[in-house]
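Let's take a walk through this one together.

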Amino acid sequence: MASNETSQMLKGVLQGCLLILLDQSPSYGYAITQRLDDFGFTDVPKGTIYPLLMTMEKKGLLKSEFRESADGPKRKYYSPTTAGQTAKHKFLTEWQQLETNVTSIVNLEEHDHE
Amino acid sequence: MNEAELMQENQNRSQLLNKQNAEFYGNIVVYLRMRGKLKNNVQMETDLLDLLNDLLDAQANGQSAADYFGTAPAGVAKEMLQALPNDWHKIRRVALTGAGFYALLLCLPSLIIPSEPVDIGKLLIGLVGIGIFILALSWGLSRIVFAKHQWLAAGIIIVLCGGAGALIPMSFVSLNTPLKLTLSNPVAFIVIGACLLAAAFQFYVDRQKFRFLPIAVTFLFVEVILGILGILVRVPMTATWLNQDNHVLYFLIGDVMLIWLIPSAWMIWNLIQGIKANRNRQN
């Protein structure tokens, strides 16, 4: 299980990750959680995805429609709206900046140990 | 799908959950339905059905609902509730039509004594009382599902709501306001007719919410009996008979027995079937 600190960090980036995944291919709850697992998010309690998807839909970042799924009943497929795509680009820019900054600081720590 | 169809689909598919998962999912359902009175019902039922389908997928892959969803369903259910949009159109509709309907329906008991004027002030106070009671009861039921000691919480809620439920009609009967209106017989017939139409419409709406059907039937029975009595006491021939030898009382007692017996037996039957179905679920 992810530690509390990891969970807090994840909460901030999960929305951006979902926007990227759903922009690649629209998907529904369970399939989204399985894709997150494929990318190593196995420790994220999947219950947290549902309110996040609903909040993103309420904010107008995602839209949803019921479609037939491959194996079973109709499912609620989510995909980003135009506002969602803008939010995705903003997330990517901010993430790259954050990654550069954090890597610089982490490198500093590593140099000190050497 | 409309709300009733979504609820029916939800009911049918939730039979496929095993006992442990059904309990887990049932708590989330009760919490959202009880707390989501001002939310968009179709969206709430859609999201619940979507979650149910995912839990069924997880179950098929050997995961329990707690493994999949996480061990803090209360917090997630709260977040889901916050994420659901408020339905202002529904709130306005419920407030206006609900108040209108219940005002008409509360009117019927006061029309069974032709010589007594209708106490409008009392009806308005009754309406506020019913509104507060419904909201308090829904809030109380939603508190039980994630309580640490469910039986204790249920006991407290039953005592509080039962007390309030008994107190409201008792204080309603003894209430007296100066805002009174005397109705002539023709006007009383029109009001009774309007009340019966309102009761029939209310039943038509509630019957789709299959879980509350016995309550809807009880409500309809009460209104129809009071309406019939309101008419009979104003027709000279039947009024004479009803006023002899406590006939009104026998009429009411006989009907109350019917009202009490049929829906009660129906609800107990539903309860037994529910317990049986739950017992037959796989662990």
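To compare two helices, picture each axis as a line fitted to C-alpha atoms over the stretch in contact, with angles running from 0 to 180 degrees between N-to-C directions. Keep in mind that this is a predicted model.

Start in chain B, with helix H2 (residues 19-35) and helix H3 (residues 41-60): their axes come within 11 Å and cross at roughly 170 degrees. Angles over 145 degrees count as roughly antiparallel, so H2(B) is roughly antiparallel to H3(B). Who does the touching? On the H2(B) side you'll find, among others, Tyr25(B), Ile28(B) and Leu32(B), while H3(B) brings residues including Met44(B), Leu48(B) and Leu52(B). Sorted by class, this contact has 10 nonpolar, two polar and two charged residues.

Now for the meeting of the chains. Chain A puts in 22 residues and chain B puts in 22 residues. Together they bury about 1,800 Å², with 55% of that on carbon and sulfur atoms. On chain A's side, Tyr30(A), Tyr50(A) and Met54(A) supply 34% of the area buried against chain B, more than any other three residues.

Three salt bridges link chain A and chain B; one of them joins Lys76(A) to Asp47(B), at 2.6 Å from N to O. There are also 13 residue pairs in polar contact between the two chains. Which element gives the largest share of chain A's side? That's H3(A), with six residues. By class, the side of chain A that touches chain B splits into nine nonpolar, six polar and seven charged residues.

Conventions: Residues are numbered from 1 along each chain as its sequence is written. Chains are lettered from A and ligands numbered from 1 in the order in which they are written. This is a predicted model: local features need pLDDT of at least 70, side-chain atom pairs count only at pLDDT 80 or more; totals for chains, interfaces and linings use all residues. Side-chain values use heavy atoms; hydrogens and water are left out. Contact means heavy atoms within 4.5 Å. Buried area is the accessible area (1.4 Å probe) that two parts lose on being put together, summed over both. A salt bridge is a side-chain nitrogen of Lys or Arg within 4 Å of a carboxyl oxygen of Asp or Glu. A polar contact is a pair of N or O atoms within 3.5 Å; within protein, one must be able to donate a hydrogen and the other to accept it, and residues adjacent in sequence count only if both atoms are side-chain atoms. Helices (H or I, at least four residues) and strands (E, at least two) are DSSP runs, numbered from the N terminus. Ala, Val, Leu, Ile, Met, Phe, Trp, Tyr, Cys and Pro count as nonpolar, Asp, Glu, Lys and Arg as charged, and the others, Gly among them, as polar. Angles under 35 degrees count as roughly parallel, over 145 as roughly antiparallel, 65 to 115 as roughly perpendicular and the rest as oblique.
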